[in-house]
Amino acid sequence: MSSPRVLWFDLETTGTDTEEDEIIQIAYRIGDKQGSHLVCPTNIDPDQLDPEITELTGIRPGDLKGKPKFYQYAGEAFKLFNGVEVIAGYNIINFDLKVLRRQFADGSRWLDLRPPKQILDVDRIVKKMYPRKLEDMYA
């Protein structure tokens with residue numbers, strides 16, 4: 001049996017609204033039993049970038065000027081995400097995958113996340129390993 005190909009990824013966006021905000025950077029690493037293949041972050045040119053996002057991410061408008069719009073980069077990203085068995089990252093279920101799926105859909109592409117594709121969200125694993133309750137805040 002061959003080992004699954006795993007794509008670890010992270011997005012930087014223009015905000016925290018999964019229905020409105022745009023991707024400004026996507027970084028990913030693909031790995032399998034033979035090792036990892038690192039792909040450097042890809043900057044995406046959004047319609048606008050607020051100063052608060054620059055302060056938070058360190059990504060400046062000049063870093064994005066002249067970079068592709070997401071729809072121009074979507075074909076490459078679509079092949080990557082659909083070409084692996086496992087998609088992994090931190091808080092990807094509640095945020096990153098929602099933003100990514102919406103931006104793919106804007107370009108009439110469907111990111112298929114149904115089985116046998118597996119989703120590994122480190123945020124969910126950490127919360128199960130270290131559950132927190134309201135009373136823990138006062139301990």
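**Overall layout.** I counted secondary structure and found 5 helices and 5 strands in the protein chain. Helices (H or I, at least four residues) and strands (E, at least two) are DSSP runs, numbered from the N terminus. Along the sequence, the pattern reads β-β-β-α-α-α-β-α-β-α.

**Ground rules.** I am working with a predicted model, where local features need pLDDT of at least 70, side-chain atom pairs count only at pLDDT 80 or more, and totals for chains, interfaces and linings use all residues. Residues are numbered from 1 along each chain as its sequence is written, and side-chain values use heavy atoms, with hydrogens and water left out.

**Whole-chain numbers.** I noted that the C-alpha atoms fill a box of roughly 50 × 45 × 30 Å along the principal axes. The accessible surface is about 9200 Å², with 53% belonging to carbon and sulfur atoms. Such areas come from the Shrake-Rupley method with a 1.4 Å probe; for residues, only the protein chains shown count as cover. Of the 139 residues, 38% count as buried; buried means under 20% relative accessible area, exposed over 50%, and partly exposed in between. I also checked contacts (heavy atoms within 4.5 Å): among those between residues at least 6 apart in sequence, 64% join residues at least 24 apart.

**Cores.** Which residues have the most contacts inside the largest nonpolar core? They are Phe9 and Leu100, in a core of 25 residues. At least two residues of this core come from each of β1 (6-13), β2 (23-32), α3 (70-82) and α4 (92-106). A second, separate core has 5 residues, among them Ile24, Ile53, Ile59 and Leu64. For my own reference, a nonpolar core is a set of buried Ala, Val, Leu, Ile, Met, Phe, Trp, Tyr and Cys residues joined through side-chain atoms within 4.5 Å. Leaving out residues up to four places away in sequence, Leu100 touches Phe9, Leu11, Ile23, Ile26, Phe70, Phe81 and Leu111.

**Helix α4.** I listed the buried residues of α4: Ile92, Phe95, Asp96, Leu97, Val99, Leu100, Arg102, Gln103 and Phe104. Their cover includes β1, β2, α3, β4 (86-89) and β5 (118-121). I found a bend of about 25° at Lys98, taken as the angle between axes fitted to the seven residues ending there and the seven starting there. Just after α4, Ser108 takes a positive phi of about 60°.

**Loops.** Asn91 sits in the loop between β4 and α4. Asn91 has a positive phi of about 60° although it is not a glycine, and it is partly exposed at 24% relative accessible area. In the loop between α4 and β5 I found Pro116, joined to Pro115 by a cis peptide bond with omega about 15°.

**Surface patch.** Last entry: Tyr90, Ile125, Val126, Met129 and Tyr130 make a nonpolar surface patch of about 530 Å². Patch residues have over 30% relative accessible area and no salt bridge; like charges are joined within 9 Å, nonpolar side chains (Val, Leu, Ile, Met, Phe, Trp, Tyr) within 5 Å. A salt bridge is a side-chain nitrogen of Lys or Arg within 4 Å of a carboxyl oxygen of Asp or Glu. Tyr130 lies in the segment after α5 (122-129) and is exposed, with a relative accessible area of 56%.

Technical notes:
Buried means under 20% relative accessible area, exposed over 50%, partly exposed in between (1.4 Å probe, protein chains only).
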